[in-house]
Amino acid sequence: MVTTRASLDDVWGWLSEVPDPENPVISVVALGIIRDVAWQGDTLQVTVTPTYSGCPATAVINMEIEAALRARGIEHIALKRQIAPPWTTDWLSNAGRAKLEAYDIAPPRAAGGPARCPHCKADTVERISQFGSTPCKAQWRCTTCLEPFDYFKCI
Amino acid sequence: MSVEGLLRLGDNTLVLGQRLSAWCGHAPALEEDIALANIALDLIGQTQLWLGLAAAREGQGRDADTLAFHRDAWDFRNLLLVEQPNRDFGVTMMRQFLFDTWHLAALTALTEHADADISAIAQKAVKEVTYHRERSTDTVIALGDGTEESHNRMQSALDRLWPYVGEMFASDDADLTNMAALRAPFDTHVTATLAEATLVRPDSDFAHMGGKTGVRHSEHLGHMLATMQVLPRSYPDAKW
């Protein structure tokens with residue numbers, strides 16, 4: 001068991017290995033929802049912001065964060081929910097965006113729609129629906145390869 | 001009296017979230033089904049924030065769940081509009097459009113609220129609701145300016161729901177922002193949308209009142225709450 005406090009760099013590293021349950025190719029850190037990590041006495045406080053206020057993955061994410069840190073020997077963990085400033089897809093890391101596309105999910109863009117089809121890379125895309133399989137996605141389709149795909153909504 | 005104002009916001013999102021959830025598995029197309037369920041999810045999430053804050057401010061040991069499941073119809077402070085039954089898809093989408101347009105204006109004003117907790121929830125919710133309004137606006141235009149059947153249904157939905165619009169702008173001291181001031185931006189967006197949808201705004205601005213004050217809810221709310229509350233009331237220790 002760890003009796004000394006782990007370094008915050010190590011903690012960030014461990015959290016970078018915790019996958020987002022709905023988009024498992026990216027971590028909760030790459031998703032931008034871990035806002036702060038700090039020791040308060042012998043308690044590690046992790047500040048987490050929800051993506052969407054009703055996202056059902058939030059509870060799973062909290063459990064996974066806690067499990068990952070316990071596995072590293074951290075005994076006292078406090079998860080703090082912070083809703084302001086609100087989560088934005090601007091906090092998604094560039095590496096995270098590339099991983100999403102490789103996973104066939106078009107990454108968010110300020111223009112409001114995907115730049116290209118994540119499958120065949122053609123820029124001929126059209127929207128099927130503003131909502132998709134999870135609160136963070138919309139459904140689009142490529143008119144070249146005709147495949148539908150998820151687009152990570154820009155908010 | 002911020003508790004009363006918080007209940008109004010949280011009860012609106014709770015009641016409409018519950019109404020929309022009833023479409024899950026029944027919407028006319030898969031995409032619509034998924035969209036309505038997602039919007040319901042956003043609204044229920046916002047409910048947890050508003051009612052959670054209301055319970056904390058009230059300081060009587062209740063939480064968001066107690067407020068949602070252990071109050072009766074006369075304790076609810078939602079607008080009459082959101083408790084109106086789903087009826088057909090046209091009525092559901094028109095109700096959504098009218099609510100979203102008011103909701104976005106209200107949340108935008110609340111992002112500037114002096115109370116940091118209220119402002120934080122509004123900043124979170126306004127992003128989600130911007131998206132809701134975009135979609136319901138598109139749908140009202142597509143169906144209004146669609147086939148003869150869809151046009152007639154949307155006009156009939158508008159005529160049916162218009163008497164519930166006025167209550168959204170009836171302001172009193174319990175409101176967290178001046179609701180009357182939201183009428184102008186509401187009218188601007190609604191007028192432009194109806195024109196594009198080839199729909200005609202009803203002449204009469206007669207308004208039913210009594211939802212947000214809790215004085216006189218419609219009969220529909222009690223039936224909805226009976227369904228929504230039966231499980232936690234029958235099995236008080238039930239856990240997911």
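Trainee: Which residues touch the most other members in the largest nonpolar core?
Mentor: In this predicted model, that core has 89 residues, and Trp50(B), Ala54(B), Leu81(B), Met94(B), Leu98(B), Val140(B) and Met154(B) touch the most other members.

Trainee: What makes a set of residues a nonpolar core?
Mentor: The members must be buried residues of the nonpolar kinds, joined through C-beta atoms within 7 Å.

Trainee: What does Val140(B) touch, not counting residues up to four places away in sequence?
Mentor: Val140(B) touches Met93(B), Met94(B), Phe97(B), Met154(B), Thr193(B) and Ala197(B) on that count. Each is called a contact because the C-beta atoms lie within 7 Å.

Trainee: How many residues does each chain bring to the contact between chain A and chain B?
Mentor: Chain A brings 16 and chain B brings 20. By class, the side of chain A has 10 nonpolar residues, six polar and no charged ones.

Trainee: Where are the two domains of chain A?
Mentor: Domain 1 covers 8-87 and domain 2 covers 100-152. Their C-alpha centres lie 27 Å apart. Eight residues of domain 1 are in contact with six residues of domain 2 in chain A. On the domain 1 side, four of the touching residues are nonpolar, three are polar and one is charged.

Trainee: What makes β3 and β4 of chain A a pair?
Mentor: Strand β3 (residues 34-40) and strand β4 (residues 43-48) of chain A are joined by six bridges in the antiparallel sense. At least two bridges are needed, so six bridges make a pair. One bridge sets Val37(A) against Val46(A) in β4(A). The two strands form a hairpin with two residues between them, and Gly41(A) in the turn has a positive phi of about 65 degrees.

Trainee: In what sense do β4(A) and β5(A) pair?
Mentor: β4(A) and strand β5 (residues 77-81) of chain A pair in the parallel sense over five bridges. Thr47(A) has Lys80(A) in β5(A) as its bridge partner.

Trainee: Why is the unit made by β4(A), helix α2 of chain A and β5(A) called right-handed?
Mentor: Helix α2 here covers residues 57-71 of chain A. With the strands pointing away from the viewer, the path from the first strand over the helix to the second runs clockwise, so the unit is called right-handed.

Trainee: In what order do the strands of the four-stranded open sheet stand?
Mentor: The order is β6-β9-β8-β7 in chain A, and the pairing is mixed.

Trainee: Why is one side of β6 and of β7 in chain A left without a neighbour in the sheet?
Mentor: β6 (105-106) and β7 (125-129) of chain A stand at the edges with a single partner strand each, so one side of each has no neighbour in the sheet.

Trainee: How many bridges join β8 to β9 in chain A?
Mentor: Five bridges join strand β8 (residues 137-142) to strand β9 (residues 148-152) of chain A, and these strands run antiparallel. Trp140(A) stands opposite Phe149(A) in β9(A).

Definitions and conventions. Residues are numbered from 1 along each chain as its sequence is written. Chains are lettered from A and ligands numbered from 1 in the order in which they are written. This is a predicted model: local features need pLDDT of at least 70, side-chain atom pairs count only at pLDDT 80 or more; totals for chains, interfaces and linings use all residues. Domain bounds come from an automatic or database domain assignment. Two residues are in contact if their C-beta atoms, placed from the backbone, lie within 7 Å. Ala, Val, Leu, Ile, Met, Phe, Trp, Tyr, Cys and Pro count as nonpolar, Asp, Glu, Lys and Arg as charged, and the others, Gly among them, as polar. A residue is buried if 20 or more other C-beta atoms lie within 10 Å of its own, exposed if 12 or fewer, and partly exposed in between; C-beta atoms are placed from the backbone.
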